[in-house]
Amino acid sequence: MENLTEREITIASYAAKGWSVRQIADEMCLSPETIKWYRKRMLRKTQTTTFAELVAMLKDENII
């Protein structure tokens with residue numbers, strides 16, 4: 001697994017709290033499309049297939 005950036009970890013943390021893409025985008029002053037792009041990049045980096053799987057893995061590793 002490649003290292004995730006601080007911004008990617010922040011996005012995953014918000015998603016773990018149940019925030020929608022729109023809510024995360026608004027909070028981070030980014031577009032929803034940018035958040036979706038980050039999510040896809042994180043899936044590639046971690047070799048996971050779903051965002052729920054990614055969040056679970058990050059929780060298991062105490063990253064979020």
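Against which helices do the buried residues of α4 pack? They pack against α1 (6–16) and α3 (32–46), where helices are DSSP runs (H or I, at least four residues) numbered from the N terminus.

This is a predicted model, in which local features need pLDDT of at least 70, side-chain atom pairs count only at pLDDT 80 or more, and totals for chains, interfaces and linings use all residues. Residues are numbered from 1 along each chain as its sequence is written, and side-chain values use heavy atoms, with hydrogens and water left out.

The pLDDT is the predictor's confidence in each residue, from 0 to 100. The chain averages 94, and 97% of the residues score at least 70. Confidence is highest in helix α2 (residues 21–28), at 98, and lowest in α4, at a mean of 92.

Helix α4 spans residues 51–60, and its buried residues are Phe51, Leu54, Val55, Met57 and Leu58. They cover an arc of only 160° around the axis, so they sit on the same side of α4; the arc is that of the directions from the helix axis to the C-beta atoms. Buried means under 20% relative accessible area, exposed over 50% and partly exposed in between (1.4 Å probe, protein chains only). The exposed residues Ala52 and Asp60 are on the face of α4 turned away from its buried side. After α4 comes Asn62, with a positive phi near 55°.

Next come α2 and α3. Their axes come within 8 Å and cross at roughly 105°. Axes are lines fitted to C-alpha atoms, for helices over the stretch in contact, and angles run from 0 to 180 degrees between N-to-C directions. The two helices α2 and α3 are therefore roughly perpendicular to each other, a label used for 65 to 115 degrees. On the α2 side the contact is made by Val21, Arg22, Ile24, Ala25 and Met28, and on the α3 side by Pro32, Ile35, Lys36 and Arg39. Contact means heavy atoms within 4.5 Å.

Two single residues can be followed from here. Glu8 is in helix α1 and is buried, with a relative accessible area of 0%. Leaving aside neighbours within four places in sequence, Glu8 is in contact with Asn3, Tyr38, Arg41, Met42 and Lys45. One of these, Tyr38, lies in helix α3 and counts as buried at 11% relative accessibility. With the neighbours within four places in sequence again left out, Tyr38 is in contact with Arg7, Glu8, Ile11 and Leu30.

Terms used:
Parallel < 35°, antiparallel > 145°, perpendicular 65-115°, else oblique.
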